[in-house]
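Student: Could we go through this structure together and check each label against its definition?
Tutor: Gladly; let us look at it first.

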Amino acid sequence: QVELTDVDGGTITDSVTITVNNVISPGTLISDIISNVTDTQLQQCINALNVTYTFEVTALNCDQLSVNDTTGLYEFENLTSLILENQNLNISDNAFNFVSNNSITSLSLANNDLSSLDNTYMDNIVDLDLSSNPINYLDFNAFTSLESIDLSGTNYTCEQIELLETQHPQIAFSFNNNACNEDAPISSNTYTSPKTISAPIIDGVRDNQIWDEAPWQSIDVIR
């Protein structure tokens, strides 16, 4: 009801019905687009957040859910952090093109058995974890914003990492393979037959290295 008062103090009361048309929604409902996410495990990961709108999804951790398809993630415009570790990802040329459609800056794909990765669309990525994947090539020129990357347990060699560090000094490389660890023990398992090692290997031993001496028997040093 509305009560109106005139200049002489008179009042009148009447009922008024107000109808509001074209109500603007605050965002896209997840329920309206979840069918675009074709992987049921990925749907489960999203629904577990218990949010209503796509803009509310800013971080997604789907570790060990056996996600194998990323289709539909382009719907989440404010997604900044995505963890898809320990999965069974079905990698195709456009598997990660959704990254260019949202705000992802942190991406972890550790332990996914990835032998290749099309990073054409990853110019927004700042932090990338590819550890424990059999990958040995990336186009680092496509990473225009990358600040750190973990390549531990990949097929990159120590020499490749050293070259990359020289070519891309703005990127912090993590590469914790034992082969590149100066303090790692030298094991005789690497030199079982013949039992000879070259002098440069011995010359290269540092004072703080530990020799795994137990399995060694007689060794002939050749120069």
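**Labels and their definitions**

Tutor: Of the 223 residues of the protein chain, 33% count as buried. This is a predicted model, in which local features need pLDDT of at least 70 and side-chain atom pairs count only at pLDDT 80 or more, while totals for chains, interfaces and linings use all residues. Residues are numbered from 1 along each chain as its sequence is written, and side-chain values use heavy atoms, with hydrogens and water left out.

Student: What makes a residue "buried" or "exposed"?
Tutor: Buried means under 20% relative accessible area, exposed means over 50%, and partly exposed is in between (1.4 Å probe, protein chains only).

Student: How many helices and strands does the protein chain have?
Tutor: The protein chain has four helices and 12 strands. Both are DSSP runs numbered from the N terminus: helices are H or I with at least four residues, strands are E with at least two.

Student: What is the strand order in the open sheet, and is the pairing parallel or antiparallel?
Tutor: The order is S3-S4-S5-S6-S7-S8, six strands with parallel pairing. Strand S3 (59-61) and strand S8 (172-174) are the edge strands, as each pairs on one side only. Neighbouring strands of this sheet are turned by 5° against each other on average, direction ignored; axes here are lines fitted to C-alpha atoms, for helices over the stretch in contact, and angles run from 0 to 180 degrees between N-to-C directions.

Student: How do you know that S3 and S4 pair?
Tutor: Two strands pair if DSSP finds at least two bridges between them. Three bridges join S3 to strand S4 (residues 81-83), and the two run parallel. Within this pair, asparagine 61 stands opposite isoleucine 83 in S4.

Student: Why is the link of cysteine 45 and cysteine 62 called a disulfide?
Tutor: A disulfide is a pair of cysteine sulfur atoms within 2.5 Å. The S to S distance between cysteine 45 and cysteine 62 is 2.1 Å, and a search of the whole structure finds one disulfide. The link is left-handed, with -95° about the S-S bond.

Student: What does the pair tie together?
Tutor: Cysteine 45 lies in helix H2 (residues 40-47) and cysteine 62 in the loop between S3 and S4, so the pair ties together parts that are 17 residues apart in sequence. Cysteine 45 is buried because its relative accessibility is 6%, and cysteine 62 is buried too, because its relative accessible area is 0%.

Student: How do you know that the buried residues of H2 are on the same side?
Tutor: The buried residues in H2 are Leu42, Cys45 and Ile46. They cover an arc of only 95° around the axis, which puts them on the same side of H2; the arc is that of the directions from the helix axis to the C-beta atoms. What covers these buried residues includes H1 and S3.

Student: Why is aspartate 39 called a cap of H2?
Tutor: Aspartate 39 has a side-chain oxygen 2.9 Å from the backbone nitrogen of glutamine 41, at the N-terminal end of H2. A polar contact is a pair of N or O atoms within 3.5 Å; within protein, one must be able to donate a hydrogen and the other to accept it, and residues adjacent in sequence count only if both atoms are side-chain atoms. The side chain of aspartate 39 also reaches the backbone nitrogen of asparagine 68, at 3.1 Å.

Student: Where does aspartate 39 lie, and is it buried or exposed?
Tutor: Aspartate 39 lies in the loop between helix H1 (30-33) and H2. Aspartate 39 is buried because its relative accessible area is 7%. Leaving aside neighbours within four places in sequence, aspartate 39 is in contact (heavy atoms within 4.5 Å) with Val67, Asn68 and Asp69.

Student: What makes the phi of asparagine 50 worth a look?
Tutor: Most residues other than glycine have a negative phi. Asparagine 50 has a positive phi, near 55°. Asparagine 50 lies in the loop between H2 and S3 and counts as exposed because its relative accessibility is 69%. Glutamine 64 also has a positive phi, of about 60°, although it is not a glycine. Glutamine 64 lies in the loop between S3 and S4 and is exposed at 57% relative accessibility.
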